[in-house]
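Dear colleague,

I am passing on to you the structure that I have been looking through, together with a few notes on what I found in it. Please have it open beside this message as you read.

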Amino acid sequence: MDVPKDQMSTLLDLGLYNSAEMLGSFLVSSSSVNAETSPHLKAENLTLLGDALFRQKEYKRAIHMYKQSLQYYKNIPKQIATRTSLSAVNRSSSPNSYTNSPINENEVKFKVASCYAELSENRAALAEMEGIPSKARNLQMNLLMGKLYRHSRQTRPSISCYRECLRHYPCTIEAITALAELGVAAKDIISLFPQAPNRSGKPPSDHLDLSRWLQRYAEAQCCIVSNDYKGGLELFTELLQRFPNNTHILLEIAKVEAIIGKNDEAMINFEKVRSIDPYMITYMDEYAMLLKLKSDNSKLNKLVHDLLNIDATRPEVFVALSVLWERKDERGALSYAEKSIRIDDRHIPGYIMKGNLYLSMNRPEIAVVAYRCAQELRADLRSYQGLVRCYLANSKIKEALHAAREAMKAMPQSAKALKLVGDVHASNSSGREKAKKFYESALRLEPGYLGAALALAELHVIEGRNGDAVLLLERYLKDWADDSLHVKLAQVFAATNLLQEALTHYQAALRISPQNEAAKKGLERLEKLMKGVDPDAPEEDEDNDIEDADGDADEADLL
């Protein structure tokens, strides 16, 4: 042979894919390999070239080579093809695995499917995978099929594929998480973990230890999916004691804390992950959203800068960019959020961010679609909150109440869900008494929930009970030095013409959070009042009207 095939395999094994591609072009065009008399050699050479192209992300060219290879494979006499398949049974199906053995038809089909999957052509990928007999599928094949079925919303076959993964490889964390998200009960997932007894009839101690923490992990994921966030956090915390500084567990905890509004705890855990692994990208868009809420622009800028330098192709990076640009340019921020969804159409924070942006642009009817997309992937508190805000913005009280009640049914032990129902009732004067009861129930369930305390204080103010509002807020201020509490107190004092007290609390809010927009604009308005100037009087600068509107929006969001 003019071109030594083993040299091609060596280049691939060493990761020298560009060199392998160039050598492969000589290999497949060699006149010493006759396609009619040696179709098996031609097929193998094309597969090797396809592998080089796959590793260079030239997926369409790789598919072309693999399909030619399969065509030549069909021309191999049956007795040779049988020997070929048997000799390749133990080979890995990964396009990154190379040996001198002849090709295996099922492996090549898997490689074609992998290319289609990378191109987001899921239907074509699934068609290739369904051509592989179930008994011939290995772990990689079952994982890919599980993903493809899931993306095409075929839940049952997806569950079957992930189950098959765990039967043979119980440590496949990805399969455990997927089964939990597909609604499989924890006990059914745990039953898939092998119980291998030793000669005494008892499982070995190391197996028991492995089984124990895998069970806890499965239970934690099932808790989160069923919106039992408290139970999920307890289980993840238990796992963290067994595996200190485990970045995966820390991120899972931080993500849940961010969803349920434990923002300070979530930020501590995200920062811990970054100190352990400064190049981590997973869930860092969630961290960016928290930094935005805290108005910590310097940390947000640094985070986005770091993420861009690590990998500018990940969806998390574009969501973080969207968060950064939201105040500067909402349309630019929206384009980044949509880019994140184009990269990964199952990336929930992308839809949440898109919904938030359309809502702030006064386009609630489009925001609803984004929140619904997020909810279909995984219903969590943020998508329910977004839907309620959208419906209220369109004065669709019935729909808002339905969405809030859905949240309450999904999360019966969630103070946030109770507060959401209260928000709907508070939107009209006839429902304020009901709203008060829901806010009070939320505070009984979670006494430290500031969102419910602020909403109840606002209700007191609307109904002229300013004294009750002050007492409530001051009670919370004893235990929580929170800028939002100071802002609300300042607003109440300003409304009752206690301007000096209002000034004290605006200044306290800005000491805690110098970037708090509501505090800055409230202070600016207060200073005008103290000088005897009407803060609502038009000024020469036309931009002032726009700024006041923004301030009102900020205060509405705060409430």
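To begin with Lys 434, this residue is partly exposed, because its relative accessible area is 49%, which falls between the limits of 20% and 50%. Please keep in mind here, and in what follows, that the model is predicted. Lys 434 lies in helix H25, and together with Arg 405, Lys 409 and Lys 437 it forms a positive surface patch. Two helices, H23 (397-410) and H25 (432-445), each supply at least two residues of that positive patch.

Arg 150 has its place in helix H8, which covers residues 139-151, and it counts as buried because its relative accessibility is 16%, under the limit of 20%. If neighbours within four places in sequence are left aside, Arg 150 is in contact with Ser 158, Ala 178, Glu 181, Leu 182 and Arg 346.

Ser 158, for its part, is found in helix H9, which runs over residues 155-168, and it counts as buried, with a relative accessibility of 0%. When residues up to four places away in sequence are not counted, Ser 158 touches Gly 146, Tyr 149, Arg 150 and Leu 182.

With kind regards

Technical notes
Residues numbered from 1 in each chain as written. Predicted model: local features only at pLDDT ≥ 70, side-chain atom pairs only at ≥ 80, totals over all residues. Heavy atoms only, no water. Helix = DSSP H or I, 4+ residues; strand = E, 2+ residues; numbered from the N terminus. Buried < 20%, exposed > 50% of the residue type's maximum accessible area, 1.4 Å probe, protein only. Contact = heavy atoms within 4.5 Å. Patch = residues over 30% accessible without salt bridge, like charges linked within 9 Å, V, L, I, M, F, W, Y side chains within 5 Å. Areas by Shrake-Rupley, 256 points an atom, 1.4 Å probe, with all protein chains shown as cover. Salt bridge = Lys/Arg side-chain N within 4 Å of Asp/Glu carboxyl O. Lys, Arg positive; Asp, Glu negative; His and termini not counted. Charge placed at Lys NZ, Arg CZ, Asp CG, Glu CD.
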